[in-house]
Amino acid sequence: MARSVTTGAKIGWSIAAWVVALLIFFPILYAVITSLKTEQEAIAGFSLIPSGTFENYITVQTQRDYFKPFMNSVILSVGSTILALIIAIPSAWAMAFAPTKRTKDILMWMLSTKMMPSVAVLLPIFIIFRTFGLLDSRVGLTIMLTLINLPIVVWMLYTYFREIPGEILEAARMDGASLWKEIVYVLTPMAIPGIASTLLLNIILAWNEAFWTIQLTTTNAAPLTAFIASFSSPQGLFWAKLSAASTMAIAPILILGWFSQKQLVRGLTFGAVK
Amino acid sequence: MTLKTFLLGACSALAFVATTASAETLTIATVNNGDMVRMQGLTAEFTKANPDIQVNWVTLEENVLRERVTTDIAANGGQYDIVTIGNYEVPIWAKQNWLLPLDGLGDKYDMDDLLPAIRGGLSVDSKLYAAPFYGESAMIMYRKDLFEKAGLKMPESPTWEFIADAAKKITDRGNDVSGMCLRGKAGWGENMAFVSALNNSFGGRWFDENWKPQFDQPEWKASLQFYADLMKDSGPSGASSNGFNENLTLFQQGKCGMWIDATVAASFVSNPKDSKVADKVGYAIFPTKEGVANHGNWLWSWNLAVPASSQKAEAAQKFISWATSKEYTTLVAAKEGWANVPPGTRTSLYKNADYQKAAAFAAPTLAAMDAADITKPTIKPVPYTGGQFVAIPEFQALGTTVGQLFSAVIAGQSTVDDALAAAQATATRDMTRAGYIK
């Protein structure tokens with residue numbers, strides 16, 4: 001039986017939720033507001049009321065090509081996510097349904113790679129990329145983004161797969177399903193919410209990755225993170241233009257997140273509501 | 001489709017592929033400032049005259065650019081054919097053999113026209129390793145109307161004593177006008193650029209001939225105390241977080257009586273589109289301390305260089321020759337007006353009557369640049385070159401650490417004595433570890 005919640009508590013929690021949401025969203029909102037200010041207004045101090053100029057968007061468009069880095073962002077984030085899922089689904093299956101005594105250690109080891117600062121391996125990675133001709137290539141960067149997000153993808157999928165009763169898979173096996181069929185026709189459809197939220201989260205992470213995407217690219221494979229960085233200026237005002245570039249760069253991923261929020265929330269709370 | 005049409009199409013496609021394949025593509029790493037953006041816009045003029053060369057621009061934030069280019073050169077990545085670097089890096093990188101000497105700029109280039117101070121800073125063993133795109137020194141920009149109102153007249157060569165007194169007189173807290181705006185934000189290229197030049201003009205130095213740090217000497221104490229007092233008496237609130245851009249805005253909005261900073265700022269503060277005080281700005285040379293004949297020796301230039309890892313050195317030098325030539329200046333003047341040409345690199349520009357007419361700051365800028373000598377930054381002997389910086393690889397980190405200590409003084413979180421003692425200890429430790437102090 002559901003617990004009864006008083007109206008006062010509901011209102012209180014709603015207000016608290018709105019405050020937290022606003023706090024989290026505020027930097028993005030302020031970037032949008034700043035993009036509608038003149039450069040002088042942008043640097044003058046805190047203000048929530050812009051003069052409403054679109055000049056920065058026009059300048060950003062005329063100074064640099066938006067389409068190419070946008071397409072690179074799409075290719076890199078979607079490509080690396082698909083590649084990561086192809087590798088992670090079988091890995092997570094193995095760890096969730098056929099664990100060994102070393103499974104926990106492997107999971108921890110995978111996660112530990114995320115604890116190292118990226119810059120520590122910049123030079124070796126750079127030399128490997130140079131040797132294999134992968135510098136400034138979409139293929140190279142897709143591999144890189146796949147590798148850096150793989151631990152998180154495996155972990156998330158492992159958590160979701162663990163929620164699925166092993167008996168269902170056993171039943172499929174008894175009915176004569178091969179391993180491949182078991183993963184594709186039984187496991188995957190049951191884990192769709194989890195896979196979907198992993199996919200969306202990974203796309204967001206890959207879209208926003210701003211170290212390797214700047215360090216390993218020049219012109220051909222440079223995505224929107226490099227596009228934003230190019231508007232910072234050593235001499236001269238640039239905050240409003242930088243905000244306009246940031247708004248243009250985050251808009252696509254924000255829209256994607258907005259439309260898929262139901263799926264994303266369902267997937268992320270999958271374990272809690274089963 | 002007939003066979004003839006097909007063959008014709010195939011031939012055209014092949015011809016296109018052949019043309020594209022034969023064209024060499026230069027990749028240029030640069031920073032996002034007005035002059036560089038303008039150059040990108042004019043690149044078509046170069047490629048029109050050189051159809052066999054294509055140009056790709058990579059614009060990066062200043063520090064990211066340093067990281068990227070350093071990684072690329074150190075690992076022999078060969079991603080860039082031309083890099084935009086400051087005169088701080090040029091001698092250091094040239095000595096490491098990271099840059100190619102520019103010996104293919106062509107007969108028409110007129111190297112002797114380059115300003116001697118700038119050329120000297122970009123040469124190692126008499127070989128030019130980077131071509132200056134624009135250059136700057138530092139000078140005083142002041143409000144003529146406020147000076148007149150206070151009954152003051154800017155001397156031809158002002159002293160710090162006069163400046164401090166004038167700053168106090170024109171400060172009007174009621175109307176939110178600060179007599180003096182100076183850099184306070186921590187960073188080797190931010191507050192330390194100004195403080196190092198100030199200290200030079202007080203007769204101080206970063207290191208003695210044996211690389212021993214000099215923060216325990218009276219010159220540093222005098223200059224840092226002067227800076228702290230000046231900011232306390234006449235500076236804007238929150239001065240410790242103001243850098244070039246913040247002070248530029250304050251000055252443009254009429255909130256600064258004086259601002260001492262890079263000469264390139266003159267074109268911004270005198271531009272009526274952005275500046276409320278465009279017609280009220282006067283210029284004067286960087287001050288000296290009474291009895292010390294030194295104007296700080298601030299000298300900076302953004303330059304184009306060819307990294308040793310580039311495979312297209314010949315085409316790269318062709319582009320550099322075009323972008324830093326007298327003809328390029330004329331091209332910018334024709335398209336955007338004389339006030340927008342890149343300043344501070346060539347003597348001929350300052351002799352040009354059109355430029356002098358369009359840019360009121362031309363003569364004071366030239367005077368400031370001529371007064372700067374980065375080979376003798378201060379009156380005492382030093383083992384380094386560089387005016388507002390010390391041209392050694394360790395300076396970026398050390399300069400920023402010391403900058404943080406000095407910024408804390410301006411913020412009122414530390415005292416002059418404590419900051420200098422900490423700076424001396426840090427610098428001694430770093431220089432010993434780096435092997436300068438035996």
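Reader: How many residues of domain 1 of chain B are in contact with domain 2 of chain B?

Author: In this predicted model, ten residues of domain 1 of chain B are in contact with 15 residues of domain 2 of chain B. A pair counts as a contact when the C-beta atoms lie within 7 Å. The C-alpha centres of the two domains of chain B lie 32 Å apart.

Reader: What makes up domain 1 and domain 2 of chain B?

Author: The domain assignment gives 3-135 + 300-358 as domain 1 of chain B and 138-298 + 370-433 as domain 2 of chain B.

Reader: Which residues form the side of domain 1 of chain B that touches domain 2 of chain B, by nonpolar, polar and charged?

Author: That side of domain 1 of chain B divides into seven nonpolar, three polar and no charged residues. Its largest share, three residues, comes from α5(B). At least two residues each are supplied by α4 (89-95) and α5 (116-121) of chain B.

Reader: Why is the length of α3(B) said to agree with that of a helix?

Author: At 1.5 Å a residue, the 13 residues of α3(B) should span 18 Å, and the end C-alpha atoms are 18 Å apart, so the two values agree.

Reader: What makes residues of α3(B) count as buried, and which are they?

Author: The criterion is 20 or more other C-beta atoms within 10 Å of the residue's own. B:Leu65, B:Arg68, B:Val69, B:Asp72 and B:Ile73 of α3(B) are buried.

Reader: How do you know on which side of α3(B) they lie?

Author: They cover an arc of only 120° around the axis, which puts them on the same side of α3(B). An α-helix has 3.6 residues a turn, so residues three or four places apart point the same way. What covers the buried residues of α3(B) includes α11 (212-215) of chain A together with β1, β2 and β3 (82-86) of chain B.

Reader: How many residues of chain B are in contact with chain A?

Author: 25 residues of chain B are in contact with 25 residues of chain A. On the chain B side, the largest share, five residues, comes from α10(B). The residues of that side divide into eight nonpolar, twelve polar and five charged.

Reader: How do you know what confidence chain B and the model carry?

Author: Chain B averages a pLDDT of 91, and 95% of the residues score at least 70. Over residues 14-21 of chain B, however, the pLDDT is below 50, and this stretch has zero contacts in the model beyond near neighbours in sequence. The model scores ipTM 0.75 and pTM 0.81.

Definitions and conventions:
Residues are numbered from 1 along each chain as its sequence is written. Chains are lettered from A and ligands numbered from 1 in the order in which they are written. This is a predicted model: local features need pLDDT of at least 70, side-chain atom pairs count only at pLDDT 80 or more; totals for chains, interfaces and linings use all residues. Two residues are in contact if their C-beta atoms, placed from the backbone, lie within 7 Å. Helices (H or I, at least four residues) and strands (E, at least two) are DSSP runs, numbered from the N terminus. Ala, Val, Leu, Ile, Met, Phe, Trp, Tyr, Cys and Pro count as nonpolar, Asp, Glu, Lys and Arg as charged, and the others, Gly among them, as polar. pLDDT is the predictor's confidence in each residue, from 0 to 100. The expected span of a helix is 1.5 Å times one less than its number of residues. A residue is buried if 20 or more other C-beta atoms lie within 10 Å of its own, exposed if 12 or fewer, and partly exposed in between; C-beta atoms are placed from the backbone. The arc is that of the directions from the helix axis to the C-beta atoms. Domain bounds come from an automatic or database domain assignment.
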